Amino acid sequence: MKKKGFFAEFKEFALRGSVMDLAVGVIIGAAFQAIVNSLVEDILSPILGLVLQGNFSNLAFSLFDGSVVIRYGAFIMAIINFVIMAFVIFLIVKGINALRNRGKKDEPADPTEKTCPFCQSQISIKATRCPHCTSELK
């Protein structure tokens with residue numbers, strides 16, 4: 001059996017379907033991130049700033065005579081931006097799933113009950129004798 005060369009093994013690995021799918025996912029994810037960032041930073045955050053009357057990112061306090069600055073406002077804005085982004089992504093994914101499932105018909109579940117032909121009672125689909133009238137079932 002002939003041993004594969006290093007580059008042949010790398011080519012086989014790199015062109016494997018799952019690696020290519022992952023690469024496409026990362027590229028599309030980066031492009032999608034830019035869209036969501038723009039939506040949050042350019043549209044939703046200014047609206048939120050109007051409602052809350054300002055921007056929290058400038059809030060800070062200093063320690064040790066100003067040598068250390070704790071910018072807790074920037075942290076609060078990062079949390080708010082994260083929540084907004086997560087909500088926007090949730091809505092987009094929910095919308096995409098709704099569109100994807102729009103054309104699909106729900107398949108009926110397998111029946112778990114049947115009707116006894118003698119007494120018309122509902123009984124288990126696996127029953128060989130009716131528990132109500134004790135008739136033998138085919």
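Ser135 is buried, with a relative accessible area of 18%. Buried here means under 20% relative accessible area, exposed means over 50%, and partly exposed covers the range in between (1.4 Å probe, protein chains only). Ser135 sits in the segment after strand S4 (122–124). Leaving aside neighbours within four places in sequence, Ser135 is in contact with Phe118, Thr128, Arg129 and Cys130. Contact means heavy atoms within 4.5 Å.

The model is predicted: local features need pLDDT of at least 70, side-chain atom pairs count only at pLDDT 80 or more, and totals for chains, interfaces and linings use all residues. Residues are numbered from 1 along each chain as its sequence is written, and side-chain values use heavy atoms, with hydrogens and water left out.

**Overall layout**

The chain holds three helices and four strands. Their order from the N terminus is α-α-β-β-α-β-β. These elements are DSSP runs numbered from the N terminus: helices are H or I with at least four residues, strands are E with at least two.

How does the radius of gyration of the chain stand against that of a compact globule? The chain has 31 Å, whereas a compact globule of 138 residues would have a value near 14 Å. The radius is taken over C-alpha atoms, and the globule rule is 2.2 Å times the number of residues to the power 0.38. Along its principal axes, the C-alpha trace spans about 90 × 65 × 35 Å.

Buried residues make up 12% of the 138 residues. Of the contacts with a separation of 6 or more, 19% are between residues 24 or more positions apart. The accessible surface comes to about 11800 Å², and carbon and sulfur atoms own 65% of that surface. Areas come from the Shrake-Rupley method with a 1.4 Å probe; for residues, only the protein chains shown count as cover.

On charge, the chain has 15 positive and 11 negative side chains. The centres of the two sets lie 9 Å apart. Lys and Arg count as positive, Asp and Glu as negative; His and the chain ends are not counted. Each charge is placed at NZ of Lys, CZ of Arg, CG of Asp or CD of Glu.

**Aromatic pairs**

How many aromatic pairs does a search of the whole structure find? The search finds two. Rings of Phe, Tyr and Trp (its six-membered ring) pair if their centres lie within 6.5 Å; planes under 30 degrees apart count as stacked, over 60 as edge-to-face and the rest as tilted.

| Pair | Centre distance | Plane angle | Class |
|---|---|---|---|
| Phe6 and Phe7 | 5.5 Å | 80 degrees | edge-to-face |
| Phe61 and Tyr72 | 5.9 Å | 40 degrees | tilted |

Phe61 lies in strand S1 (residues 61–63) and Tyr72 in helix H3 (residues 72–102), so their pair ties together parts that are eleven residues apart in sequence. Phe61 is partly exposed at 40% relative accessibility. Tyr72 is partly exposed at 36%. In the other pair, Phe6 counts as exposed at 65%, and Phe7 counts as exposed at 68%.

Met85 lies in helix H3. Met85 and Gln33 are 52 residues apart along the chain, and their C-alpha atoms are separated by 9.4 Å.

Asp42 belongs to helix H2 (residues 17–52). Asp42 is exposed, with a relative accessible area of 54%. Asp42 and Lys138 are 96 residues apart along the chain, with 70 Å between their C-alpha atoms.
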